[in-house]
Amino acid sequence: MADASHVSYLPPILTFCAGAVVAVPLFRRFGLSAVLGYLAAGIAIGPSLLAVIKDANAIRSTAEIGVVLLLFLVGLELQPARLYSMRRDILGTGLAQMVLSAGVIGAIAWWLGLSLGGAVAVGLALALSATSIALQLLEERGDGAESYGRRCFSVLLFQDIAIAPILAMLPLLATTGATNDQSAMQALAGLGLALLAVAALVFAGRYALNPFFRLLAKSGAREVMTAAALLVVLGAALVMENVGLSMAMGAFLAGVLLADSHFRHELEADIEPFRGVLLGLFFMAVGMSIDLKLVLDNALLLAFAAPALVLFKIAAAAAILRASCSTWSEAIRAGALLSPAGEFAFVLLPMAASLGLLNPHHGAIATALAALSMLIGPILAKLIDAWLLARAAPPEEIEEDFSGTAPSVLVIGFGRFGQVVTQALLLQHIDVTVIDADVERIRSAAKFGFKIYYGDGTRLDVLRAAGAGKAKIVCVCIDDREAALRIVEMAKAEFPTVRLHARAFDRVHAIDLMRADVDYLMRETFESALGFSRVTLEGLGLDYEEASVVIENVRERDAQRMEIQFNEGIAAGLHKVPRVSPEPLVRPKAKPKALSEETREVIEDGGAQVAVGGVGEPAT
């Protein structure tokens, strides 16, 4: 009989899955963001509507891991040098946006009757922006590398960094009189501990993480690599949380420290599925936290305040970005992404209420306002984006000349074959990316100066992460015939514009690759054997041109036979690779001659007629 304690976990899991698979495709069908679908699903199944899930707070701590994993993946894309180059936007633009937004929102809250401490808490909480929503929208648009996308991320990064001092500030605002000195000392001690933890994490990332993953990679157990990736991310998040910093900040720092690692794309592929599911769960938890009764009771106030908050944050961010040399179009698009209140508003506002800075009613109103801004912000960002695109002048048609640009090549497999292939590409200074799951080969590829990524080339997520969709040519150079065929079929379906070149193991494998519509293939020993034959003919007295004519004749006859076998379906539909006996391309003029009795018996058992010379007699 099943244990009831285990069965009880299934209904909420099924509810979340059902809500996601119904709401998200429906919203995407109408051109809206997946974020809105998750929020709407959360409202529907939450305590305010269907009440399928009665306690939204019970899942929020788990759902916040989605934000943690998101920040880790963001960190993986930011090498320390690139992060340093963004320092002006992070410290300048980010600080200006935070000060202006928090100042105005806090002043309005104080004017409406909140205490000074409560107004500061509300101003800081609502000035923050939703990292998860902004990055999700950028990902859906494919604009993460655009100028406004980078500047938007700089502001978000500053806000994540600012969480630590904000969390330390709220207890100080709640204390008075003689306890202030003690609280200040506690805050300073907490800051020192946080700096120590950051230094320890940087040291571990610099000297321990790469050797750690290299050791695990040698074991060949992929599930262990996935477990190790989660261990690093969640471990860094836990350490940062225990010293008063945000979990997301710890995960981001771990990602930055691994951004230069050869294992970066493998880690990204391992984490991505968990990130997507848990981030969707987080948005659903936000939707469940919206108290519809409270919203209806304060409908007039919230109907004015929520749009006003979103519009003000757009205007404030856009003005600051415009002043720092962004165009108006870019500034407004970035401001729209920064308009929803942030995930940490749901941490700061309850904390402010527990410290006595806000009474329960004010805290509930501010929380509902933050949640509604998350609902309104993505819709307004979508409308603003469409408006800006509609009013933009159509681009001039310019005939681009790419003749001088080097094509990008993705080489899957850096064994003997792949190493020779890349030598010619290296001489032409062509941009090459190498994927291999062997640590020693990764080290060898590093000597060539290529972009090198540890990962399994048969995984679609690894191919995408390594840029297969943007490469001009993908060269499949692995010696595993089944894996090579799987890569070709997958790449042909997912990246139809990319040219595919493949290494064939043998004749049957070559025909399978032809059926998979590969653009070019080569049997791994065919051309080398022809070259060997040509030199042998020269050694027998033929000159280079005569020997080359013979070799070209062999090549043409082989191609004709391959075409016949392809059309007649050799090896088609068989699960096991059949054994194909070699056959001469031309009719031989002489019968085979066995030089010993044993040899003659072996040949005749195969059905061939032989001309036998005596043992020890020369064959004519």
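This is a predicted model: local features need pLDDT of at least 70, side-chain atom pairs count only at pLDDT 80 or more; totals for chains, interfaces and linings use all residues.
**Close-up 1. Helices α6 and α7 pack at an angle of about 135°.** Here we look at α6, which spans residues 87–111, against α7, residues 116–127. Their axes lie 7 Å apart. Angles over 145° would count as roughly antiparallel, but this pair sits at about 135°, and the two helices are therefore oblique to each other. As for handedness, α6 and α7 make a right-handed crossing. On the α6 side, the contact is built from Q97, M98, S101, A102, I105, G106, A109 and W110. Facing them from α7 are L116, A119, V122, G123, L124, L126 and A127. Sort the residues of this contact by class and you get 11 nonpolar and four polar, with no charged ones.

**Close-up 2. Helices α17 and α19 cross at roughly 160°.** Now for α17 (residues 328–337) and α19 (residues 360–391), whose axes come within 9 Å. With a crossing of roughly 160°, α17 is roughly antiparallel to α19. The crossing of this pair is left-handed. From α17, the residues making the contact are S329, I332, R333 and A336. The α19 side brings in G377, A381, I384, D385 and L388. By class, that gives five nonpolar, two polar and two charged residues.

**Close-up 3. Helices α23 and α24 cross at roughly 10°.** This view takes in α23, residues 481–494, together with α24, residues 507–515. Their axes come within 10 Å. An angle under 35° counts as roughly parallel, so at roughly 10° that is how α23 runs relative to α24. R481, A484, L485 and V488 make the contact from α23, and H509, D512 and L513 make it from α24. The tally for this contact is four nonpolar, one polar and two charged residues.

**Close-up 4. R523 places its charged end over the ring of F526.** Look for the charged end of R523, which sits 4.2 Å from the centre of the F526 ring.

How values were computed:
Residues are numbered from 1 along each chain as its sequence is written. Side-chain values use heavy atoms; hydrogens and water are left out. Axes are lines fitted to C-alpha atoms, for helices over the stretch in contact, and angles run from 0 to 180 degrees between N-to-C directions. Helices (H or I, at least four residues) and strands (E, at least two) are DSSP runs, numbered from the N terminus. Angles under 35 degrees count as roughly parallel, over 145 as roughly antiparallel, 65 to 115 as roughly perpendicular and the rest as oblique. A crossing is left-handed if the near helix is turned anticlockwise from the far one by less than a right angle, and right-handed if clockwise. Contact means heavy atoms within 4.5 Å. Ala, Val, Leu, Ile, Met, Phe, Trp, Tyr, Cys and Pro count as nonpolar, Asp, Glu, Lys and Arg as charged, and the others, Gly among them, as polar. A charge sits over a ring if NZ of Lys or CZ of Arg is within 6 Å of the ring centre and within 35 degrees of the ring normal.
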